[in-house]
Amino acid sequence: MSNIIKIEGLRKTYDDGTLALDDVNLNIHSGEIISLLGPNGAGKTSLISTICGITKPTSGNIYVDGYDIKKDYRKTRKLIGLVPQEIALEPFEKVLDVIKYSRNLFGYSNDDKHIEKILKRLMLWDKRNKRIVELSGGMKRRVIIAKALSHNPKILFLDEPTAGVDVDLRIDMWKLIKQLRSDGVTVILTTHYIEEAEEISDRISIINNGKILLTEKKIDLIEKMGQKTITFKVSNNINLDHLSKDFDVSITKNQTHTLVNYHYKKTDELFNDFLSHINKLDCKILNIDTNEKSLEEIFLDVVGL
Ligand SMILES: Nc1ncnc2c1ncn2[C@@H]1O[C@H](COP(=O)(O)OP(=O)(O)O)[C@@H](O)[C@H]1O
Ligand SMILES: [Mg+2]
């Protein structure tokens, strides 16, 4: 797997002394969707602004498609599309002109076919001659994305793309982001919505206090940290307390039954033994229930809130 972005020992201290990024090391794989997940003030915007060359790093190196962002700023910037957190558009410009102008800024001549494709994909084609002021909030957000895609970037950054957006638009955005990945675009998004990271990412980086706490494939993250609890509801004709000596279980007893909570980990070698053991006992299994940790719980564990 090739890395389209490499970040090495990145630090950012703002003029007022705020340490926003503290030794960030991260490789972004070509063609993936990666979410930078973290609470407000974690350093997400600082990180992507630095990669995009809007904020100067205090120290460390960033390479985009092999180019150093400091030495080859123009080359790296051309490869990148950025959808910023704040909407900033000229109210009286027409949609089509906004997109064309943005493409020209990158030194590309007009490509009507490409622009038509982007506007159609973002459901803005029939609004192309409308002025920004005539559009709804959701449409404005789409215009900003279209703008970021105007020069056909290989990498797209979306800073909190769905913050304060209604459910329908959020689902549309997720669809669009996945479509972009199928076109081979690498997508980096920041979010503080765990649900969003869970829905669309291939990998998730958890960031807090300017530090990347972990970066994992989403599936591995859920599996690795997501301990399951398997609860056996059994008749309480016998005492089961001895189970906790050999197995990672907790037992609660009440008048009608006993609950045996088995704490299952991914590579659990004792679970089979446990099943045979419980089968041999003179008690009846009344019900079995499993409970998996959500990404939300994992996140809280990692961030330590
Ligand atoms: N221009 C700035 N000057 C000083 N401090 C800043 C500036 N921008 C952000 N910060 C601070 O840097 C930290 C990280 O902020 P930011 O990157 O915006 O976090 P996030 O996007 O995760 O909410 C915060 O403590 C924030 O207050
Ligand atoms: Mg931010």
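How many nonpolar, polar and charged residues does the shell around ligand 1 have? I began with this question, keeping in mind that the model is predicted.

**Entry 1, the ligand shell.** I listed the residues surrounding ligand 1 and found Tyr14, Asp16, Thr18, Ala20, Gly38, Asn40, Gly41, Ala42, Gly43, Lys44, Thr45 and Ser46. Sorted by class, the shell comes to three nonpolar, seven polar and two charged residues. I then looked up which element contributes the largest share of the shell, and that is helix H1 (residues 44–51), with three residues.

**Entry 2, strand pairing.** I followed strand S4 (residues 59–64) to its partners and noted that S4 pairs with strand S1 (residues 3–13) in the antiparallel sense over five bridges, with Asn61 of S4 as the bridge partner of Glu8. S4 also pairs with strand S5 (residues 67–68), again in the antiparallel sense, over two bridges, and here I recorded Tyr67 of S5 as the bridge partner of Val64.

In the hairpin of S4 and S5, which has two residues between the strands, I found Asp65 with a positive phi near 50°, a residue other than glycine. Asp65 counts as partly exposed because 19 other C-beta atoms lie within 10 Å, whereas a buried residue would need 20 or more.

I also looked up Met123, which is not a glycine either and has a positive phi of about 55°. Met123 lies in the loop between helix H4 (112–121) and helix H5 (137–149). With 13 other C-beta atoms within 10 Å, Met123 is partly exposed, since the exposed class stops at 12 or fewer.

Methods
Residues numbered from 1 in each chain as written. Chains lettered and ligands numbered in written order. Predicted model: local features only at pLDDT ≥ 70, side-chain atom pairs only at ≥ 80, totals over all residues. Pairing = 2+ DSSP bridges. Helix = DSSP H or I, 4+ residues; strand = E, 2+ residues; numbered from the N terminus. Near = placed C-beta within 6 Å. Nonpolar A, V, L, I, M, F, W, Y, C, P; charged D, E, K, R; others polar.
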